[in-house]
Amino acid sequence: MAAELARHYRALGLPKRASRAEVRAAYLELAKKWHPDINRRRNALQRFQQINDAYLALVDRDPGESVPARAPNGHEAAPKRVRIPVPLTCSRCGEATAQPRQASYASIFSLLLLSWRKESSGIFCPSCARRESLRSSLISGLFGWWSLPGLVLTPLAVLRNARGGKSDDAANLNFLCHNLQAYEAAGNEEAARRIAYILARTPSSVAVKINMSVAALIASDAAPPAPRPDEWKPRMDQRLLHIAAAAAVPVAVALTVARLIV
Ligand SMILES: [Zn+2]
């Protein structure tokens, strides 16, 4: 147990009392670097799986809980208690969310010749993601247009926000794996099976390590879960709202200029 925990901390390059936020940050950075779809090194898959295992083992650990020491007889000390994984929560509303997504949305600020971008990132539930992306587009629409680079950066940022922001697919897949374990542990079979079906349709090497669990859930005798609307599916009305948020200032300027000329 102690050796295993130490190995997990080492895999993420963290000290043994790293906080949950540090575990998440290290994981996101390393998962991006070592994802086998991106990293062509021979050991990429192995390294990626180590990082995933470490993340799943450490993310729900109490940061104050020290790594259990070895007893004098050389055997590992008995763990204080078994930690059951809990579903991940949205970083904005704090609610547990079955299908969380890591995403980042861009706001553009411009002044005279300069423009700069501020990223707003987190792990979101679908409704907080919609709100945060629209807020970023609205800020860009109000403050982004006022320089030459801003004329290019603002529409690009709004377009990116409208399409769901910048997201880390590898991290999102692992959040699903984590939640699958959490719902399974909590006995919420319907939620677990819903996630299992999503994962079963995901053609990725990450899904391999939870295949047994996915297969067991899907093969169980109960009827497949009733389909539910995909809350993450991009909606046309949302896209139009982004465009309206970005277009308000240029339209107002055009109307003012037109009125002055006429
Ligand atoms: Zn939320």
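**Close-up views of the sheet and its helices**

**View 1. Strands E1 and E3.** E1 and E3 run antiparallel and are joined by 2 bridges; strands pair if DSSP finds at least two bridges between them. Helices (H or I, at least four residues) and strands (E, at least two) are DSSP runs, numbered from the N terminus. Ala-103 has Ser-167 in E3 as its bridge partner. The model is predicted: local features need pLDDT of at least 70, side-chain atom pairs count only at pLDDT 80 or more, and totals for chains, interfaces and linings use all residues. Residue numbers start from 1 along each chain as its sequence is written.

**View 2. The hairpin of E1 and E2.** Antiparallel strands E1 (residues 101–111) and E2 (residues 114–124) are joined by 11 bridges. Phe-109 stands opposite Trp-116 in E2. The hairpin has 2 residues between its strands, and Leu-112 in the turn has a positive phi of about 55°.

**View 3. The open sheet.** The order of the 3 strands is E2-E1-E3, with antiparallel pairing. E2 and E3 (166–167) are at the edges with a single partner strand each, so one side of each is left without a neighbour in the sheet.

**View 4. The contact of helices H5 and H9.** H5 and H9 (residues 236–261) pack at an angle of about 160° with their axes 9 Å apart (axes are lines fitted to C-alpha atoms, for helices over the stretch in contact; angles run from 0 to 180 degrees between N-to-C directions). The two helices are therefore roughly antiparallel (angles over 145 degrees). Among the H5 residues that meet H9 are Thr-154 and Val-158; residues are in contact if their C-beta atoms, placed from the backbone, lie within 7 Å.

Methods. Parallel < 35°, antiparallel > 145°, perpendicular 65-115°, else oblique. Contact = placed C-beta atoms within 7 Å.
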